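Biologist: Could you walk me through one part of this model, the part with the charged side chains and what surrounds it? I am new to this, so please take it one step at a time.

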Amino acid sequence: MQNQLTCEQVEALLNFYIENKLSEKLSEYVRKHIEKCPSCMDKYIKMRNMLNKIINIECPEIENPYITKQYEDFKSNLSAYIDNELDDLENIKIKKISISNPLARQDLEKIYTFKKLLHNSYEKTKSEFKNDLSKNIIHQLQQENYEQDRIDPFTKLVITFFAMLTCIVAGIIGILYF
Ligand SMILES: [Zn+2]
């Protein structure tokens, strides 16, 4: 277990591994990791193919062993699977591939992570919007109260003014006619 390499270590060792410059033991660790890790396998194959082209070694291009017909089917059905649009039989097929094929499993995990992220950001936006909305309402209420407070004394003044005017006019009329 201690001899297991991380992806970073494998990546750093890859071109030495391809050029056969590692010790037998280290080479073995890299090989073991690549066999289990689809993303490192992918890097290995790409680097190997690239090096083959550069150095022009007569060596057949290696295909990713995980990209099978089954995997292609999986890929084309994946979004339907996620959206629950497949029948039971097809669902089982997808599950089986995702268990047996690390590349398929990785794809599925990626999609689920992505969905979760999307959902989280949606929830976040929703709660932020709610927050904003309640803040807005409170702000509006405060604004209205403020307006009322501002208008009220003025209204009172107008009413007082008209009341006084009525009294004065009534008084004048009283003096003149009685
Ligand atoms: Zn790896």
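Modeller: Let's begin with lysine 32, which is partly exposed at 44% relative accessible area (buried is under 20%, exposed over 50% and partly exposed in between, with a 1.4 Å probe and protein chains only). The model is predicted, so local features need pLDDT of at least 70 and side-chain atom pairs pLDDT 80 or more, while totals for chains, interfaces and linings use all residues. Residues are numbered from 1 along each chain, and side-chain values use heavy atoms, with hydrogens and water left out.

Lysine 32 forms a salt bridge with glutamate 28, their closest N and O atoms being 3.5 Å apart (a salt bridge puts a side-chain nitrogen of Lys or Arg within 4 Å of a carboxyl oxygen of Asp or Glu). The two are separated by about one helical turn because they sit four residues apart in helix α2 (helices are DSSP runs, H or I, of at least four residues, numbered from the N terminus). Glutamate 28 is partly exposed too, at 31%.

Glutamate 35 is partly exposed at 42%, and so is arginine 31 at 33%. Together, Glu28, Arg31, Lys32 and Glu35 are linked in a network of salt bridges.

Helix α2 spans residues 24–36, and the zinc ion is coordinated by Cys7 (SG), His33 (NE2), Cys37 (SG) and Cys40 (SG), at 2.0 to 2.3 Å (donors are N, O and S atoms within 2.8 Å of the metal, or 3.2 Å for Na, K and Ca). The angles among the four donor atoms are 100 to 114°, making the site tetrahedral (all angles must lie between 85 and 135 degrees). Cysteine 7 lies in helix α1 and cysteine 37 in the loop between α2 and α3, so the pair ties together parts 30 residues apart in sequence. Cysteine 7 is partly exposed at 29%, whereas cysteine 37 counts as buried at 11%.

Finally, look at the largest nonpolar core, which has 29 residues (buried Ala, Val, Leu, Ile, Met, Phe, Trp, Tyr and Cys joined through side-chain atoms within 4.5 Å). Val30 and Ile34 are among its residues with the most contacts. Helix α2 is one of the helices that each supply at least two residues of this core, while α4 gives the most, with six.

Technical notes
Four donors count as tetrahedral if all angles lie between 85 and 135 degrees; four count as square planar and six as octahedral if opposite donors are over 155 degrees apart and all others between 65 and 115; anything else is irregular.
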